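Colleague: I'm new to this one. Can you put it up and walk me through a few spots?
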Amino acid sequence: MRAGKGIVLGVVSLVFSCGLLLKIFQFSDAELENQQIQEPLLSVSAKTTIVDKTLEVLPGQTLAEILSLEGLDPTQNHLIINSFKQKYDPKDLKVGQNFQLKIQQKGSQRRLLSLVTRPTLLQELRVTCDSSGAFNSVLLERKLNYRLERASGNITSSLYADTVKAGIPSQIISELTHGLSFGVHLQRDIHQNDPYEVIYESYYDPDTKSTKPGSLIYAAIGIKGEPHEIYRYQTRDGRVGLYNHKGESVKRSLLTTPVAAVRLSSAFGYRRHPIKGYSQYHKGVDFAASRGSPVMAAGDGIVAVARHWGGYGNYIRLKHDNGYATVYAHLSKYAAGLHVGSTVRQGQVIGYVGSTGNSTGPHLHHEVLINGKHVNPQNVKAPPAARLAGLDMANFKKFVSKIKRETRGLRFNGQMALYTSKGVGDRTSTS
Ligand SMILES: [Zn+2]
């Protein structure tokens, strides 16, 4: 019971997404025991059956689509959606979100008896039909066993590879590489033996008897004796963000390193082309990374192009605010559900490193354009950081001191205490 108590926690953030498909929820073996698909539970009369069904939202799925695919009539759907909306915006459905439906089937008529979904790990939304046919919604708080997990170690190959090896869930790795990449060039600045530490939430769900990661709470990496830290903090008006120890938002409009890469292999400007052999202007930067490394959206935006594009191979172009666009080329594949028009969030995985098109080996070719003109991605100016103020700053400082007391290995008062690496990382739990 060290870090678990009293720490102000950020709300589990929702991943918003768009796309167009629906699929039946894929069950793991453990879940199969508890769930049934389209299996009549009991016969009310000879002709009335009650069907329990579990679905998973795929990219782009809307609540209206989910309901109409279940054969529910439009009038009923309208009432259900209205009731749903009173507690939760259906636009905020996230990919993978689970829906449990109980439907009464009488002849060809289908009537929804109940709908249950969990917008977050800690919330359960129930829409039920009463005897008059009206729908009522209620949002319940779920009680889950919660604890903080801690992982720490020294870099042996790369932040990404080492945190994977340390058993940190991919969702947390994505949050921490995203958060740290604002201030640190992950491919250039991090070296062997640099110490890192990560604290994140973990929830035990008694329903599925599984442990699920919550949010990243804290991450730090020491580079040349200098700590780079990020803290997750929720302001009093409910906004969740990542801050440095001074309470300044680490968020920038564009990430300089949209891949958890090992090194910058080719810079912006003139160079000798590895295939064509002659010097040409390199309109982007290349990051050497292993095949399959996740590629992240450098900023919030919309997918403008996602297709094979000549020498670029598998290619994504994102459109951002203020005339900015970013390009990601030679990908091995695209993230599931990504298509032209998809809205993406900064740090969201959009594809995977590969070597498609004119490429001599796995790497990410990355370009930044401002109003159609190529600029050096490494020089894109970041907007000034937002800073916490007032009571939020006071609360944040308390939170920072709490984290400082909890973290054992990294000493941030001018000297770095290097861990002796125990295998792939020293992982402990506090609850
Ligand atoms: Zn390139």
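Colleague: Which residues of α6 are buried?

Modeller: Phe-396, Phe-399 and Ile-403. Buried here is 20 or more other C-beta atoms within 10 Å of a residue's own, exposed is 12 or fewer, and partly exposed is in between, with C-beta atoms placed from the backbone. Before we go on: this is a predicted model, where local features need pLDDT of at least 70, side-chain atom pairs count only at pLDDT 80 or more, and totals for chains, interfaces and linings use all residues. Residues are numbered from 1 along each chain as its sequence is written.

Colleague: And what is on the other side of α6?

Modeller: Gly-390, Leu-391, Ala-394, Ser-401 and Arg-405 are exposed there. By the way, helices (H or I, at least four residues) and strands (E, at least two) are DSSP runs, numbered from the N terminus.

Colleague: What do the buried residues of α6 pack against?

Modeller: Strands β10 (210-223), β11 (226-234) and β12 (240-243). Contact there is C-beta atoms, placed from the backbone, within 7 Å.

Colleague: New topic. Where is Asn-193?

Modeller: In the loop between α5 (170-180) and β9 (195-205). Asn-193 has a positive phi of about 80 degrees, although it is not a glycine.

Colleague: Is Asn-193 buried or exposed?

Modeller: Asn-193 is exposed, with 11 other C-beta atoms within 10 Å.

Colleague: What about phi of His-330?

Modeller: Near 70 degrees, a positive value in a residue other than glycine. His-330 lies in strand β20 (residues 324-331), and is buried, with 26 other C-beta atoms within 10 Å.

Technical notes
Contact = placed C-beta atoms within 7 Å.
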